Amino acid sequence: MTRPTTRRLAAAGLAALATVSLAACASSDRSASGGTSSSAAGATGGTMVFGAAGAPKLFDPFYATDGETFRVSRQIFEGLVSFTPGTADVAPGLAKTYDSSPDGLTWTFGLQDGVTFSDGTPFDAAAVCKNFTRMYSQKGAAASEAVSQYWADNFGGFADGAAPSLYKSCDATKASTAVVTLTRVTSKFPAVLGLPSFSMQSPTAMEKYDANTVTANGDSFTYSPYALQHPTGTGPFTFDSFDQANGVITLKRNESYWGDKAKLDSLVFQVIADESARKQALQSGQIDGYDLPSPADWDQLKQAGYDLQVRPAFNVLYLGITQSNNPALADIRVRQALAYAIDRKGLVDQQLPQGAEVAKEFYPSTVAGYSNDVMAYDFDPAKAKALLAEAGASNLTLNFYWPTEVSRPYMPKPSDIFNYMQANLQAVGITVNAVSEPWNGGYLDDVDAKKADLFLLGWTGDYNTPDNFIGTFFGSTSNRFTTGVSSWGQTLADDLKAADSEPDVSTRKADYEALNKSLMADYLPAVPISHSPPAIVVASNITGLVPSPLTDEKFASVSKG
Amino acid sequence: MLRFTVRRVLQLAVVIAVLALLLFAWLRSLPGGPASALCGDRCSEAARAQLQTSLGLDRSLPVQLGSFVGRVVRGDFGTSTGVQPGVSASQIFLDRFPATVELALAAIVLAVVLGVPLGYLSARRRGTWLDNVGVVGSLIGVAVPVFFLAFLLKYVFAVKLGWLPSAGRQAVDINSTTVTGFATLDGLLTGEYDATLDALKHLVLPAVTLATIPFAVVFRITRAAVLDVLDEDYVRTAEAKGLLARTIRSRHVLRNAMLPVVTTIGLQVGALLAGAVLTETVFAYRGLGDALATAFRERDYSVLQVLILAAAIVYVVVNLLVDLSYALIDPRVRTR
């Protein structure tokens, strides 16, 4: 009997020794301001906790592409221009003035006075040009289109000259004046500079923490300490910490901010991936708000007293058509039959959130060049059948791809949308082969590999220009809709480029109106379905949040009462 | 005993090596991949292809495998592409491991502490109301879906009563000092007792949710095993010999009934890791399960490889410990 007892005693002694040793090594690192209560209800606004669907991928917005990264970046960084709160309209940002030369190639930015980055580096024209030089000079893995995706999408190539670039040069003509020269005129300037990716970042911090180092390592990329731990901007909040173990990102008020200081002491983003868990965290008071509440919960949240704000719809859901995949789809009568076959009004009324609208064309009416006079495709199954018969495609079979494991602002529940459309198409005699795949588990790959005859996709606008929508979709002949196989594909691409490069605003508007008419009547490379308004919800004691159609919510104006 | 242990450890090493190879091939045979997740829906086909090349994903499987093995030999298990890009997969494992250990430990302790005595009592009082309640309760424990139970518990204890938090491992403003990564332990080590209390509060609902299935299984196996043993001749003999009831229960009934129970507990520890994926997701409890779910959604090969292998290692090590415990409980096993 003695041996087990001795063993137990020895084990207990060892355990106690280990605990004491650990305790001896450990000591509290809590700062004086830490703890549970001091900052939770400070006199100047306290702490707001926002439930995020995911962690930021990294903190250098130049390399980012995802909404959760941009949401955090928007609080830390600012661009040369901004967007008027609640709209997609361009407004002054770090540049108080911006003017283009008559030829539209040279843009002069008059900078705000007295601005410094949060590390004390002055924000001046030299800093602006260092930022542009940095963005333009990406090399190696960093110059990959997927890593610097927003630059590649909006500016094209880099300094290596491998691909043409929209950017030509930047000159600091005065400390408060930066002159940016472009290689061609574009409608996206200067609005594009309001995107988080092109925010101004501290040249000192970027150099100190090796911001440009991105390397392909095995089957992944490694990023610099700057991108992971030291983002430094001019915004109303500064980066404080990212607690990866708990999924908590903490930002502090920038006390040296050049404009109206943030009302909150600190802004915390807590990662709660599950939408239902975010809702319950709000209801239990653990968080103060979250984005994209399920439309099914809108009424319940409103009735419970939460401030649910619906953003203006600035997106489009479309039924994609891969013309190259099925000879029948190259016939416009068949594509028009698809448009007539789908009861878009019924779909919007029954499957999409309140406030959603039928899409007449490929962007919402708030974007320049929108035309009310486009060819309408009101639900007309008889006409759809007639068109199919006329095209000799009465026994049409189509592979219709739709995504699982995803919810997008323009497509809250893909399965419901697909089911509705499938029934519509079957009603006019089209045989639908349904193919569902996870969003990242084959769906996007297969759509891009042109395996789908029909597919569901959409777009949320980055800024308020037609080019950001239809230029992105059809501005090149190698796109998802394979417009390159059509006789008109190149013409459409050329016309879109010409419209984007038109310096006169009213002429450009007329060009886009004409293009929208052609797109709907003559080309119809896809069927625009709907514009859906996404919502954001906060607790009733949160005030000052202005919902943005661009999801460009700034929390500096928010206070917690 | 030493030979037995060495033999089992060698078997495990082979199992892990084969599993690693199969896992490598399986992940790469799945549709989609990290390039798709990194690119998103805005990427062009050309950019997607360029990314595949940059990451070496367009090379043949044996070449990719060779590169992977070479890096693993150097201690490089790869870098995350989806869970936390730029952070090493092994670091993500280290960050998330303590949370899952705390959760799994709490769940298995709950399951064993409640399941074994209740199963034993239920068997001893077979046919009584206590037995019936236990059997029905355990059936419900197995039958109720985890996400529904989690929703219900959160609704009652977090939303309505406000007693417990509904998500996370610690309050965002607790600002505790990290020593080991085990939130419940660190507060004790540093004297930040409020941090430990807060971590325990966050642990309650996920642990109860995760414990329901193992509790039900342990309860039912214990009950069945005890019923079997109670009918054995040697128990009747012991009773006939006039041995103390306490001695019969502890030496003859419980000890003999424990073999299947210990096996079940071992299997349940492994199953807890699978259960943790859903439980951690619905409670935003940042452990391995939550990381695994994100990694799978984002096709994060490096993180998936590390986490699945780690889970497999835990599973086989626990089973090794179970086998060793057999040897301790039943000496005949050592000589086989």
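A salt bridge here is a side-chain nitrogen of Lys or Arg within 4 Å of a carboxyl oxygen of Asp or Glu. Welcome to a predicted model, in which local features need pLDDT of at least 70 and side-chain atom pairs count only at pLDDT 80 or more, while totals for chains, interfaces and linings use all residues. Residues are numbered from 1 along each chain as its sequence is written, chains are lettered from A and ligands numbered from 1 in the order in which they are written, and side-chain values use heavy atoms, with hydrogens and water left out.

**View 1. The salt bridge between chain B and chain A.**
Let us start where the two chains meet. E298(B) pairs with K57(A) in a salt bridge whose closest N and O atoms are 3.5 Å apart. The rule finds 1 salt bridge across the interface of chain B and chain A. Around it, 67 residues of chain B are in contact with 70 residues of chain A, contact meaning heavy atoms within 4.5 Å. About 5700 Å² is buried between the chains, and carbon and sulfur atoms give 47% of that area. Buried area is the accessible area (1.4 Å probe) that two parts lose on being put together, summed over both.

**View 2. Chain B and its helices.**
Chain B has 13 helices and 0 strands; helices (H or I, at least four residues) and strands (E, at least two) are DSSP runs, numbered from the N terminus. The C-alpha trace of chain B spans about 85 × 55 × 40 Å along its principal axes. In an unreviewed entry, UniProt lists residues 97–326 of chain B as "domain: ABC transmembrane type-1". UniProt positions are given in the numbering used here, feature names are shortened, and annotations may be inferred rather than shown by experiment. That stretch, residues 97–326 of chain B, is 81% helix and 0% strand, with its end C-alpha atoms 28 Å apart.

The unreviewed UniProt entry lists several transmembrane regions in chain B, including residues 203–221 and 257–283. Residues 203–221 of chain B are 100% helix and 0% strand, and their end C-alpha atoms are 26 Å apart. For residues 257–283 of chain B, the figures are 96% helix and 0% strand, with the end C-alpha atoms 36 Å apart.

**View 3. Helices α5 and α12 of chain B.**
Two packed helices are described by the angle between their axes and the distance between the axes. In chain B, the axes of α5 (residues 89–124) and α12 (residues 288–297) come within 7 Å and cross at roughly 130°. That makes α5(B) oblique to α12(B). Axes are lines fitted to C-alpha atoms, for helices over the stretch in contact, and angles run from 0 to 180 degrees between N-to-C directions. Angles under 35 degrees count as roughly parallel, over 145 as roughly antiparallel, 65 to 115 as roughly perpendicular and the rest as oblique. On the α5(B) side, F93(B), R96(B), F97(B) and T100(B) meet L288(B), G289(B), D290(B) and A291(B) of α12(B).

**View 4. Helices α9 and α16 of chain A.**
Helix α9 (residues 332–341) of chain A packs against helix α16 (residues 505–523) of chain A at an angle of about 105°, their axes being 9 Å apart. The pair α9(A) and α16(A) is therefore roughly perpendicular. I332(A), R335(A) and Q336(A) of α9(A) meet A521(A), D522(A) and Y523(A) of α16(A).

**View 5. Two loops of chain A.**
F189(A) and P190(A) are joined by a cis peptide bond, with omega about 5°. P190(A) sits in the loop between β7 (177–182) and α5 (203–208) of chain A. L292(A), a residue other than glycine, has a positive phi near 55°. The loop that holds L292(A) runs between β13 (289–291) and α8 (298–303) of chain A.
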